[in-house]
Amino acid sequence: MQLPDKFFKERKLENLVENQTSYTLNNASMHVFETHSQAEKVLLQFDQPVLASMLIGKKVMHLRDKKSFDFLPGESLILPSNEVMCIDFPEANEDNPTRCLAMSISDEKINNVIGLMNEVMPKHDGSEWALMDYNYHFTNDASIYGIIQRLLYLFTENHPSKDFFVDNMLQELIIRILQGNTREKYTQNASKLGSNNRLAYVIEYILQHLHEPLSVSDLSKKACMSESHFHKTFKEELGVTPIDYINSERIKMAVNLLKDSDRKIKEIYLECGFENRSYFNRLFKRKIHVSPGEYQSKFVKHS
């Protein structure tokens, strides 16, 4: 999507955001924004790669190469340096301000972490870890959410060693984001990548057989790896174990099926490859934060 020039000539962020708090350390800067009034076409740009993460409220994001999308609490976005964000704040008001953070990370720090990953956890196909696909929009998992909360605390803490603490957390954050980006790439492009990449081939098989029993032993054979090597390689490159990945994809499938109010929960969990309801309920609630029955009834009420 190519935005018209008028999008970039109207307003600047500092005129519309009532409160901006910034903290700068050696390899990163944390900016917390609070917007108290509805606004459109607000521009924001950083000269380093940035992680933007929503805390409260809603934004509508317009990026040059992406269709406009809602940006909601619990979601993050990775942007390259000098990328112009054009932002709408459709719901912000004095009583319910929109809050978000933007953390810029130095190219040097990112490149150092990528170099370390290539040294200690090289990819199985001989390719190298590299910068993530930018404009990567994702929902925070529990680990990334925890890191962001920890970084918010560390940036504001008055501690003589906080640069060191933040550096360690940034390393983990970059690794987890790169692993999540790889996981997303394999999931979205498994059929294209499967002929040349053993993990992508296994991912394609998993996605086509979610309704069937799937074991690490069988999947490792399809990858032509020993079971231990397959488990280690899968976790290092995708950031989750094979079983966690399978369960996550099965829950995604269940979420879509539960949107049909006529479907019975029993037939849904069986169709998604779960053998018993209690295990399905536990995993669903852990990921979606409500039970399958509550999700189905809420979706029906709001549809």
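Me: What makes the six strands an open sheet, and in which order do they run?
Reply: The order is β2-β3-β10-β5-β8-β11, with antiparallel pairing. Strands are DSSP runs of E, at least two residues long, and helices are runs of H or I, at least four, numbered from the N terminus. Two strands pair if DSSP finds at least two bridges between them. The edge strands, β2 (19-24) and β11 (136-139), each pair on one side only. This is a predicted model: local features need pLDDT of at least 70, side-chain atom pairs count only at pLDDT 80 or more, and totals for chains, interfaces and linings use all residues. Residues are numbered from 1 along each chain as its sequence is written, and side-chain values use heavy atoms, leaving out hydrogens and water.

Me: How do you know that β5 and β8 pair?
Reply: Pairing takes at least two bridges. Strands β5 (residues 50-56) and β8 (residues 75-79) have four, in the antiparallel sense. V50 stands opposite L79 in β8.

Me: Which residues of helix α5 are called buried?
Reply: In α5 (residues 198-208) they are L199, A200, V202, I203 and I206. Buried means under 20% relative accessible area (1.4 Å probe, protein chains only).

Me: Why do the buried residues of α5 line one face?
Reply: Seen down the axis, they fall within an arc of 160°, so they line one face of the helix. The arc is taken from the directions from the helix axis to the C-beta atoms.

Me: What covers the buried residues of α5?
Reply: The cover includes α3 (162-188), α4 (190-193), α6 (216-222), α7 (227-238) and α8 (242-257). Contact means heavy atoms within 4.5 Å.

Definitions and conventions:
Buried means under 20% relative accessible area, exposed over 50%, partly exposed in between (1.4 Å probe, protein chains only).
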